[in-house]
Amino acid sequence: MKWLELLGVRTTKFIEEVGQVFLLFLQTIKWSLRPPLGFRNILKQMEEVGVRSIPVVLITAVSTGMVLALQSHTGFKRFNAESLVGTVVALSMTRELGPVLTALIVAGRAGAAMAAELGTMRVTEQIDALSTMAANPIKYLIVPRLLAGMLMLPILTIFSDAIGIAGGYFVAVQVLNVNPVVYLRRTTDFLEYDDIYGGLLKAFVFGIIIATVSCYKGFNTEGGAEGVGKATTGAVVLSSMLILISDYFLTAILF
Amino acid sequence: MGEPMIQLIDLYKSFGDNRVLQGVNLTIERGETMVIIGGSGSGKSVILKHIIGLMKPDRGKVIVVGQDLSTLRERALDELRKKFGMLFQYAALFDSLMVWENVGFSLRQQTHLNDREIKQAAIEKLSMVGLRGVEDRMPADLSGGMKKRVGLARAIAMEPEILLYDEPTTGLDPIMADAINELILEMKRRLQVTGAAITHDMTSAYKIADRIAMLYQGKIQAVGTPDEIKNSSNPIVHQFVTGSSIGPIKTV
Amino acid sequence: MRLSAEARVGLVVLLGVIVLTYMTFTVGGYHFGRETGYRLFALFDTVAGLDAKSGIKVAGVEVGKVEVIALQDGQAKVTLRIKPEVKLRKGTEAAVRATGLLGEKYIELIPGKKEAYLKDGDSLTVSEKVADLDRLINQFSGIAADIKMVSASLREALGTDEGKQSLKDIVANIRELSRNLSVTVKDNRENFTKAVANIQEASSSLKTDLPKLMESLNRTSEKLEAIATKVERGEGTLGKLIQDEGIYKKLDSTLEGLSNITKKVEKGEGTIGKLFSDEKAYDQITTALEGLSNAVTRIERFKTVVGFRNEYQFDSHENKGYFSVQLQPREDKYYLLELVDDPRGRVTQTTTQIDNNPPVVEYNTEHRLKLNAEFGRRFSDLGLRLGLMENSFGAGADLYLFNDALKFSADAWDFNSDDPLNNHPHLKATASYSFFKYLFVQGGYDNFLNRKIDTGFAGAGLRFEDDDLKYLLGSGMLKAK
């Protein structure tokens, strides 16, 4: 019965944590509505979350697009529909892989950094210091991160979509000798605004998840350097899980 | 003297099963420096965090300048906090900000001064704690003692009425510790602030305190002037101030 | 140039917006922003597979896209948005088509011939029912399933190593058989020629023999005549019987009695009379008669097989010809009549002794016609024959295999021959194989108990059933006419 108990504890803890994250999100929204917003802080976080994530996001996207083209080509070739590779790459990238992969990468990169930074601030009492200086830590620390995540994830996803489609095009046309005109036609014919904007909406939600979860984990760090490590890992794990779970529901709702 | 600045009334606080505060009663009067002594983990820091509203008591009241903290909303609490300055144990400087930005942090938050003015003010405060030419450095480049000074400069940036010191001399060599003690005395002299410090460093306590309170087992065991505490007949106080491992205080 | 943090963020955001704008425009194609072109409507019975944004084509060239598909009174009302530069004449018809089996559906417009052009809001006529591709695909898949089944069973039969091996064997067998056949034909060309000659000879000898036969028949009838005269003269028992008046009288009275009986029968008197006048009995008799009639028809349905065959005997280089008629009243019963041109028809032995030398025995053989008259019975794949074989008593057995195509026969006759070399019964083993209905080849070993005249033989023959004969005769008559 021990494992059953453990399962129960884990589940309750997970739900509780998600609830806490959600409460933190609401508080952050509340604080973000109170001027003044520290634009310099927001810019700084946008650079951290967005600009610095571009190389890894692009590399991931281009390789994903290329592999997607290669793999789907194998399948479509079997019934002479090679040009549909374009459709598959475009739809997969915009609807699913662009936002999700970008989010997972940003969660691993910027989310972890956020949790580590805030965790360190927590254990070195910098967050308390903020409070004592009448600067609300949520407003000062979380709001800029949340806004940066919300804004930069969609922008990264746009790059991811474009580069992924370009990578798929390159492989299909240059390597697999698919007719480029037909390929592009198939890409644009079947792609709709809803696919692109739906994907960006997903990215927006993922940005919120990454920022909020990472800040939550960082804020609730306990126990020195080890705690910071735990918070970092926890932030990546929890945000990845929430990204994947919410992706399902977003897909169900959006498309 | 005589006007109560901070009143702790029957304070209870537990963390899980750990009952840290079990009915703390303490009054700190305007202008005096109260030093709370006690063993490691005895809850001194908890008292300090209650005073500045970082923690809320399970039971009891914290009254600062006549205002019950537990009844204050966030914004009023922030208003009240502007009367405070706090020096953290490890200074708690913002790693991502330069020294002058750390010192001028409150100025940027609370005032409409521009960067240049803030920096000017920061340099002035830094000179008050005996630091020159460090304003453009990052906190990570500073030694422990310098961090404490920068922390002190930041604490006094908004010219607070109350200064809180969390273990001001811990982790410093005796000479640097004495310098910090001198600074605390100077702040009190120059800024007329009410002070509350926690420490287990008795040298520091004797030097900066107007009164000393001994916390043990969640309660204030004795309050008195340094001389009274030094000569206390209370076996707990006596054991602590003489630094003996033999006595009623259990070391484990 | 090192960009500030703000500039970098700004650059990224700007680039993002540019890319997004580009993608949006690309996806939107030509009708981004304000809708261009004009609208037409068409009512279809079904537009299964057609979607908004599906293409509209004229002669395969895209001229617009489907804007909306809505339901109207159980039909699909499709709004077509046509590019402004495309002008369509009135009378244009619309049909739902697909680009291929797996391809997307689109609307094909068949341009009209009228003078006036269609304008915004006009309706199109629907040219035809939607080519029911789904049904077609269903049929295809059914066929595919059949083919799959066939190929699966083929694979099972041939795909396995065993199957491959047997296939190989079959091919090898055929190859060998054809080679053997060609060799045999080449080797036996002479024999075949001889065989044909032999047939001619046989028929010519039949011609010469036939008058003799007729003569003997004549003689027989003469003798019969003589007997008849004797009988008339009352000579011999039969003659007395016929010539005796008393007997005649007896017969006369007997006939009278018979006539009386007949009268009685007619009146229904007596047992037989009752029998005849009784309806039940009448029915029984009718049935019996019917049975009899059936029997007669059955006899009429005798299967007749006429055949001819020749055996070439390897040792004596002689040919033995057979002409056979087989009468088969029932599947399992037949009578076989054969005329055999036997090269050892008659063997005469001449012993000459010159001086004191050991006597030289010379055997002289000449062709003779011999008769086979056998009664045969079939028991499933086994047949037994009994009767006259080459003018002597004999018996034989046949084993039929592969739908009677292959036949093994064993015959024994001539148990007491006057042939000086035929001291033991004549035993013969034959295997014959029918290539098709009329032609068969055979081979075997003849007379293997008699060492001096034993021989292997090979031969071929023709056989026709009566239906074939009717056909042959008929066509022959037609030719004769």
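How many of the 39 residues of α6(A) are buried? The count is 31 of the 39, so α6(A) is largely enclosed by the rest of the structure. Buried means under 20% relative accessible area, exposed over 50%, and partly exposed in between, with a 1.4 Å probe and protein chains only.

This is a predicted model, where local features need pLDDT of at least 70, side-chain atom pairs count only at pLDDT 80 or more, and totals for chains, interfaces and linings use all residues. Residues are numbered from 1 along each chain as its sequence is written, chains are lettered from A and ligands numbered from 1 in the order in which they are written, and side-chain values use heavy atoms, with hydrogens and water left out.

**Stop 1: along α6(A)**

Select residues 137-175 of chain A. Helices (H or I, at least four residues) and strands (E, at least two) are DSSP runs, numbered from the N terminus.

Go to A:Asn136, which caps the N-terminal end of α6(A). A side-chain oxygen of A:Asn136 lies 2.7 Å from the backbone nitrogen of A:Ile138. Next, pick A:Val143. A kink of about 30° lies there, shortly before A:Pro144. The bend is the angle between axes fitted to the seven residues ending at a residue and the seven starting there. After the helix comes A:Asn177, with a positive phi near 60°.

**Stop 2**

Contacts (heavy atoms within 4.5 Å) involve, among them, A:Ile54, A:Gly65 and A:Leu70 of α3(A), and A:Leu156, A:Gly164 and A:Val171 of α6(A).

**Stop 3: inside α8**

Select A:Ser214 in helix α8 (residues 193-219) of chain A. A:Ser214 is buried, with a relative accessible area of 0%. Not counting residues up to four places away in sequence, A:Ser214 touches A:Gly111, A:Met114, A:Ala115, A:Ile209 and A:Ala235.

**Stop 4: two loops**

Most residues other than glycine have a negative phi. In chain B, find B:Glu167 in the loop between β7 (162-166) and α7 (174-191). Its phi is positive, near 45°. B:Glu167 counts as buried, at 6% relative accessibility.

Finish at C:Ser380, in the loop between β11 (360-379) and β12 (382-389) of chain C. Phi of C:Ser380 is also positive, near 55°. At 60% relative accessibility, C:Ser380 counts as exposed.

Notes: Expected span 1.5 Å × (residues − 1). Polar contact = N/O pair within 3.5 Å; in protein donor to acceptor, adjacent residues only side chain to side chain.
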